[in-house]
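Q: Could you take me through how to read the features of a folded chain, one at a time, with the general idea before the particular case?

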Amino acid sequence: MIQNPVPWPNGARCACVISFDMDADSLIHIARPEDAHDRLYPISMGRYGPTVAIPRILDTYRRYGIQQSFFLPGWCVETYPNAVEAILEGGHEIGHHGYLHEDPIEAPDQRYWFERALAAYRKYCGGTPAGYRAPVYNINQEVVDLLVEHGFRYESSMMADDIPYRVETAAGGFWEMPVHWGTDDWPPFAHYAEIGYMMPVKAPSAGLGAFWEEFDAAYEAGGFFMLIIHPFLTGRLARWRQVEAWLEETLRTKDVWFARLDQIADHLDGLVARGEYTPRVEHLPYYTEPQGTRQGS
Ligand SMILES: [Zn+2]
């Protein structure tokens with residue numbers, strides 16, 4: 001049960017988003033800056049995304065008539081302009097995902113990286129993105145403040161609810177499109193020693209089956225279902241054919257609304273403006289100082 005369900009367009013029971021983070025080989029360049037340029041195995045694994053998986057994914061979306069959200073690091077936007085062009089041509093949305101997939105918690109001076117990525121989106125994507133997702137979900141207050149300053153409409157890295165909610169700060173706010181690890185393909189499918197992530201790779205049916213169970217619960221509750229997946233993982237043949245089969249079956253038998261995240265933000269803004277919905281609000285910053293310091297002296 002969801003306490004504050006969103007009324008979705010046309011009475012749809014669940015909003016659905018298959019969001020892709022096209023990280024390509026940014027992951028190895030940020031993890032091993034000293035010699036990544038000569039590590040051909042992880043570079044090639046990453047390149048599978050923009051070159052092989054993205055055309056496959058876009059073809060599926062075109063056949064089913066759906067438009068979805070992609071998050072790309074600014075460096076990937078500059079390095080893979082053909083993929084960017086194809087994504088935008090299909091009517092999809094490209095969101096901000098750092099510059100070289102730097103972890104905001106570990107990369108000092110987020111303003112520099114954030115704004116360098118923004119320049120890439122403005123040059124190659126024709127404008128400022130509506131949304132942001134932090135690399136490895138590691139958003140911090142500095143990034144929240146940058147999002148508010150630059151007028152971002154939504155963010156998608158935090159986990160405080162099952163359905164979209166508002167994040168508000170003293171300077172302004174945005175919609176949060178919540179993620180969680182149960183609908184992320186990194187745990188079932190990523191095996192990547194160079195970045196310290198060694199999961200036993202699951203069979204496509206086992207890894208994806210966990211996602212469909214998440215969908216069933218979201219659908220029953222009248223909620224929000226979002227996958228956070230990667231072209232080089234879930235865009236591979238055996239996995240993608242199962243996603244395609246699920247998509248076909250779901251569109252045929254369920255009352256769902258597949259949409260881009262910016263379209264969901266539009267819908268939520270409209271509901272609020274018309275007084276038809278009151279979202280739950282999380283006020284940031286959560287804390288302004290470490291909570292574990294000793295008291296007294
Ligand atoms: Zn990523």
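A: Pro285 lies in the segment after strand E12 (281-283), where helices (H or I, at least four residues) and strands (E, at least two) are DSSP runs, numbered from the N terminus. A cis peptide bond joins Leu284 to this Pro285, with omega at about 0°. The model is a predicted one, in which local features need pLDDT of at least 70 and side-chain atom pairs count only at pLDDT 80 or more, while totals for chains, interfaces and linings use all residues. Residues are numbered from 1 along each chain as its sequence is written.

Q: Which residues other than glycine have a positive phi, and where do they lie?

A: One of them is Ala24, with a positive phi of about 45° although it is not a glycine; its place is in the loop between E1 and helix H1 (26-31). Another is Asp109, whose phi is near 60°, and which sits in the loop between E3 and helix H5 (110-124).

Q: Is Ala24 buried or exposed, and is Asp109 buried or exposed?

A: The idea is to count neighbours: a residue is buried if 20 or more other C-beta atoms lie within 10 Å of its own, exposed if 12 or fewer, and partly exposed in between, with C-beta atoms placed from the backbone. Ala24 counts as buried because it has 29 C-beta neighbours inside 10 Å, whereas Asp109 is exposed because 9 other C-beta atoms lie within 10 Å.

Q: How is the packing of two helices described?

A: Two packed helices are described by the angle between their axes and the distance between the axes. Axes are lines fitted to C-alpha atoms, for helices over the stretch in contact, and angles run from 0 to 180 degrees between N-to-C directions. Here the axes of helix H2 (residues 40-64) and helix H4 (residues 81-89) come within 10 Å and cross at roughly 5°. That makes H2 roughly parallel to H4, since angles under 35 degrees count as roughly parallel, over 145 as roughly antiparallel, 65 to 115 as roughly perpendicular and the rest as oblique.

Q: Which residues of H2 and H4 meet?

A: Two residues are in contact if their C-beta atoms, placed from the backbone, lie within 7 Å. On the H2 side these are Pro50, Ile54, Pro55 and Leu58, which meet Ala83, Ala86 and Ile87 in H4. By class, this contact of H2 with H4 has 7 nonpolar, no polar and no charged residues (Ala, Val, Leu, Ile, Met, Phe, Trp, Tyr, Cys and Pro count as nonpolar, Asp, Glu, Lys and Arg as charged, and the others, Gly among them, as polar).

Q: Where is Asp262 found, and which residues does it touch?

A: Asp262 is found in helix H11 (residues 261-273) and counts as partly exposed because it has 19 C-beta neighbours inside 10 Å. Residues up to four places away in sequence aside, Asp262 touches Glu93, Ala130, Gly131 and Arg153. Asp262 and Gln68 are 194 residues apart in sequence and 9.3 Å apart in space, C-alpha to C-alpha.

Q: Which residues of helix H8 are buried, and what covers them?

A: An α-helix has 3.6 residues a turn, so residues three or four places apart point the same way. In H8 the residues Leu208, Phe211, Phe215 and Ala218 are buried, and what covers the buried residues of this helix includes strand E1 (14-21), strand E10 (224-229) and helix H10 (237-253). Ala217, which also lies in H8, counts as partly exposed, with 14 C-beta neighbours inside 10 Å. Just after H8, Gly222 takes a positive phi of about 70°.

Q: How many helices and strands does the protein chain have?

A: The protein chain has 11 helices and 12 strands, and buried residues make up 38% of its 297 residues.
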